[in-house]
Amino acid sequence: MRAKLYIAIERPIDSIATYKNRNMITKATVSERWLLLGFIAIFFLYVAITPNTAPPGKYDRTCWITWSNYIYNNGLQNIYKFGVDYPPLYHYMLYVYAVLQGGDTESIVLGINKIKYITLFFEVIGGYFLYLIVRGTFKTNWKAFSSTLFILFNIAYFYNNIIYGQIDGIYTCFSFISVYYAIKEKPGISLLALTLALNLKIQALIFIPLIFLLNTNKLVGNFSIKNIIKWLLPSLVVQVCILLPFYLAGDLLVVINVIKTSIGRYTYVSMGAYNLWALIFNEPFQMHDGFGIGGLSYNTIGFLFFCLFSFITLWPTFSNIALGIILKQKPKKISTEKALLIGTILPIVFFYFNTQMHSRYIHSAILFAGAYALYSKHYIPYILISLAYFLNIEGAAKIFKGDILPYEIFIFQPNIVSILYLLTLISLLVILYTTKKQKQYY
């Protein structure tokens, strides 16, 4: 009975394998159960303290009220007839919310802030998977759990949802889980999580190169048609299930078009991001990114810089793997430390150089940076990115300020925040290219 309980609860937990006897395993199992309850307690603590308020006049919140009401009264499959502009997965979540509210329009409107609990649920799950990654670096699981609170209670992590009412924590969670299982060499689960992330936010595309490189070792070492089908089939089945209602309603092409047009929808140099363009221009928020210099638009220039720095970030890992394949050697396993480091850099590069960025588009970097900080014990980049992100998102939303006038405080100025982002990026790239041996605890 004890062995069965151990298998059921501890299967995803690797560090337990380091214990040498059944008594120690049983003790660890109890500890893991208590720590799992700790994460559940964190969720309900946040539920208790989450303010039942939202920034006034925010477009997204109005949309979610309208969409939830429409979905309940007209069916989930018909939501794209209403002209929505979100990928499909979040509409399933809005449907769940509408059902829990009883489908009553007044209840949907008055309870709209409860929708934060959905994102909060996934943010805590993201924290749990962060714990699973970093616990091998600590002497006890309790210390690992306590350190995870350093991330979960970071205002830069919870502001996006708890204060601002946004949902970037959901795709961040799925992206992080995808990387976690890629590190664990479980490509089927990794690709499934990536599929869910992409169906929530198209920004998850930036993690595809990293997830592919992490899965290369398994793909090359165990390549066969049977394995490829086994790894891809769960994702394909889930993707079909997600799209099936809209296909039956005759709106599949509409869904595809929504996803395609989500890139390039906003034609301003910045939509509130204090990135490179805030360092170059005084008012990038009012400039059309179709303008440019040297025959290239600002949009194109930003994209080229994004590609260049993505290449710089991925090149050391890609070249080592490619060389191994050319020499017909088994590719070397990418260390967890390097995977987390790259997972931190990619969203920063995406956010910092591209035009049309909202302040929240760098949100996923916080979870990866936190995991990297706890795993490697390099805390400075995490502190820098947390500070920059909080200053940016509050500077753009002005929720704590209470009015729409720009901050006059020095530290909130867009060019200062842009420099903080730049310092973070430089520090991470220096670590990437100067650290010869990354840590690997499992």
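Predicted model: local features only at pLDDT ≥ 70, side-chain atom pairs only at ≥ 80, totals over all residues.
1. Although E185 is not a glycine, its phi is positive, at about 60°.

2. Is K398 buried or exposed? K398 counts as buried, because its relative accessibility is 16% and the cut-off for burial is under 20%.

3. Helix α3. The 16 residues of α3 should span 22 Å at 1.5 Å a residue, and the end C-alpha atoms are 22 Å apart, so the helix agrees with expectation. Its buried residues are D60, R61, C63, W64, W67, S68, Y70 and I71. These buried residues pack against α4, α5 and α6. Just after α3, the phi of G75 is positive, at about 95°.

4. Helix α4. This helix covers residues 89-100, 12 residues in number, and reaches 17 Å from its first C-alpha to its last, close to the 16 Å expected at 1.5 Å a residue. L89, Y90, H91, M93, L94, Y97 and A98 are the buried residues of α4. As a general point, an α-helix has 3.6 residues a turn, so residues three or four places apart point the same way. The packing partners of the buried residues of α4 are α3 (59-74), α5 (105-110), α6 (116-134), α9 (168-183), α10 (187-198) and α12 (225-248). Just after α4 comes G102, with a positive phi of about 85°.

5. Y90 within α4. Y90 belongs to helix α4 and counts as buried, because its relative accessibility is 1%. Which residues does Y90 touch, not counting residues up to four places away in sequence? They are W64, I115, I167, I170, N199 and L200. W64 is itself one of the buried residues of α3. For N199, the separation from Y90 is 109 residues in sequence and 7.9 Å in space, C-alpha to C-alpha.

6. Y181 within α9. Helix α9 contains Y181, which is buried because its relative accessible area is 12%. Not counting residues up to four places away in sequence, Y181 touches F129, K186, I189 and S190. The C-alpha atoms of Y181 and A193 are separated by 8.8 Å, and the two residues are 12 apart along the chain.

7. I348 within α16. I348 is placed in helix α16 (residues 336-353). With a relative accessible area of 0%, I348 is buried. Its contacts, leaving aside neighbours within four places in sequence, are I362, A365, I385, T424, L425 and L428. N275 lies 73 residues from I348 along the chain, and the C-alpha atoms of these two residues are separated by 9.4 Å.

8. Cavities. How many cavities of 30 Å³ or more does the structure hold? There are 3 of them. The largest cavity contains about 70 Å³ of space. Its lining consists of 12 residues, of which L213, L214, N217, K333 and I334 lie nearest the centre. By class, the lining comprises 7 nonpolar, 2 polar and 3 charged residues. Both α9 and α11 (208-221) supply at least two residues each to this lining. The largest share, 4 residues, comes from α11.

9. Cysteines. A search of the whole structure for disulfides finds 0. C241 is partly exposed, because its relative accessible area is 49%. C307 also counts as partly exposed, because its relative accessibility is 33%. In α3, by contrast, C63 is among the buried residues.

Terms used: Residues numbered from 1 in each chain as written. Heavy atoms only, no water. Expected span 1.5 Å × (residues − 1). Buried < 20%, exposed > 50% of the residue type's maximum accessible area, 1.4 Å probe, protein only. Contact = heavy atoms within 4.5 Å. Disulfide = S-S within 2.5 Å. 1 Å grid on protein atoms, 1.4 Å probe; cavity = no way out; pocket = protein on both sides within 12 Å on 5 of 7 lines; lining within 4 Å. Points joined across faces, edges and corners; volume = space filled by probe spheres on them. Nonpolar A, V, L, I, M, F, W, Y, C, P; charged D, E, K, R; others polar.
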